[in-house]
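Student: I would like to go through this model with you. Could we take it one residue at a time?

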Amino acid sequence: ATARYELYWAWSLTYHSHSWIMLIDSRDTVFQTDPFKDLPRESDDQAADGTLYFFEENAEATTIGQSSYNSRWLKTAYGVD
């Protein structure tokens with residue numbers, strides 16, 4: 001399951017460093033507006049680096065530790081510690 005992140009990284013290298021790329025669980029995702037609309041953009045599109053944003057599921061609803069589905073693949077890949 002974690003090998004996919006290496007593939008995502010390799011795939012992202014084919015794009016310009018300031019492209020918008022979103023990785024989502026598409027089985028339960030709905031967009032009601034442009035998800036990038038209110039995120040600030042780099043003003044210098046020639047800069048060597050970009051901005052990386054991380055977002056998470058509603059932590060009040062559940063946590064990875066409380067979700068047997070989400071925690072199982074992490075424990076399998078990295079162990080309990």
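Student: Is Tyr5 buried, partly exposed or exposed?

Tutor: First, the basis: this is a predicted model, where local features need pLDDT of at least 70, side-chain atom pairs count only at pLDDT 80 or more, and totals for chains, interfaces and linings use all residues. Residues are numbered from 1 along each chain as its sequence is written, and side-chain values use heavy atoms, with hydrogens and water left out. Buried means under 20% relative accessible area, exposed over 50%, and partly exposed in between (1.4 Å probe, protein chains only). Tyr5 has 38% relative accessibility, so Tyr5 is partly exposed.

Student: Which helix holds both Tyr5 and Tyr8?

Tutor: Helices are DSSP runs of H or I, at least four residues, numbered from the N terminus. Tyr5 and Tyr8 are three residues apart, about one turn of the helix. Both lie in residues 3-12, helix H1.

Student: Why is the pair of Tyr5 and Tyr8 edge-to-face?

Tutor: The structure holds three aromatic pairs. Rings of Phe, Tyr and Trp (its six-membered ring) pair if their centres lie within 6.5 Å; planes under 30 degrees apart count as stacked, over 60 as edge-to-face and the rest as tilted. The centres of the Tyr5 and Tyr8 rings are 5.6 Å apart. The pair is edge-to-face because the planes stand at 85°.

Student: What is the angle between the planes of Trp11 and Tyr15?

Tutor: Trp11 and Tyr15 form an aromatic pair, 5.2 Å centre to centre. Trp11 is partly exposed, at 40% relative accessibility. Tyr15 sits in the loop between H1 and H2. The pair is edge-to-face, with an angle of 70°.

Student: Is Ser71 buried or exposed?

Tutor: Ser71 belongs to helix H2, residues 68-78. Its relative accessible area is 6%, so Ser71 is buried.

Student: Which residues does Ser71 touch, not counting residues up to four places away in sequence?

Tutor: Contact means heavy atoms within 4.5 Å. Leaving out residues up to four places away in sequence, Ser71 touches Ile64 and Gly65.

Terms used
Helix = DSSP H or I, 4+ residues; strand = E, 2+ residues; numbered from the N terminus.
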